[in-house]
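Me: Could you walk me through a few features of this model, one at a time?
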Amino acid sequence: MTYTMLVALAIFIAVSSVTPGPNNLMLLSSSVNFGVRRTIPHCLGISAGMGVMIVLMSFGLHWVTLYAGWLIDFLKIASLAYLLWLAWKIASIPPTPLAVSNEASPFGFWNAVLFQWINPKALIMVISMFSIYVPDNIGQLTLLQISVLAIIINLLCISVWMFGGTLMRKLVTTPVAQRGFNIVMALLLIASVIPMVMADLRM
């Protein structure tokens, strides 16, 4: 893999990771409602799940995406249903201004790892990596290096959203404001998958 391709891949991972999507919107919402400390396992789980997907993709999962498209379609439907449920959960978090909510729980590490398999943005990101940037004859050592690079870049980018919740928390200081914030986050979470759904309908 050439240096130019590696730089291009790093830019692709950074842009894909930092732009709005289910992971980032959930991190922002969790940070506002539960605080940064309780959101860290969620953040680490996202990057770990991404790394696992990259490794498994190299061991044949890419073949599934090429020759078993029905499985990808199933994952998309499952992800849409799950995201709608998550949006409802976010919108219904009890307002607890200036305190960490004890009536609800943030996403855990393993929940975040498993969520990547039904997160349309994560699936598209990893599939695009192998379709565009990663050669078919890449060695296992190089693949390991790419996986580590992807995890580090992804973690740095999504952390921006997690720590952004600290700033938002200073603005969301009343029950009404927090309720409004949670509803907006729920709507944005639903909106984040609409472009993917529309793309499928046009195909």
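Reply: Trp110 counts as exposed, because its relative accessibility is 62% (exposed is over 50%, buried under 20%, partly exposed in between, with a 1.4 Å probe and protein chains only). This is a predicted model, where local features need pLDDT of at least 70, side-chain atom pairs count only at pLDDT 80 or more, and totals for chains, interfaces and linings use all residues. Residues are numbered from 1 along each chain as its sequence is written, and side-chain values use heavy atoms, leaving out hydrogens and water.

Me: How many aromatic pairs does a search of the whole structure find?
Reply: Rings of Phe, Tyr and Trp (its six-membered ring) pair if their centres lie within 6.5 Å; planes under 30 degrees apart are stacked, over 60 edge-to-face, the rest tilted. Phe107 and Phe115 form an edge-to-face pair, 5.9 Å centre to centre with 80° between the planes. Phe109 and Trp110 are also edge-to-face, at 5.0 Å and 85°. The search of the whole structure finds two.

Me: Is Phe109 buried, partly exposed or exposed?
Reply: Its ring partner is Trp110. Phe109 has a relative accessible area of 29%, so the class is partly exposed.

Me: Is Leu143 buried or exposed?
Reply: Leu143 sits in helix α7, residues 140-171 (helices are DSSP runs of H or I, at least four residues, and strands are E runs of at least two, numbered from the N terminus). Because its relative accessible area is 4%, Leu143 is buried.

Me: How far apart in space are Leu143 and Ile54, C-alpha to C-alpha?
Reply: In sequence, Leu143 and Ile54 are 89 residues apart. In space, C-alpha to C-alpha, the distance is 8.5 Å.
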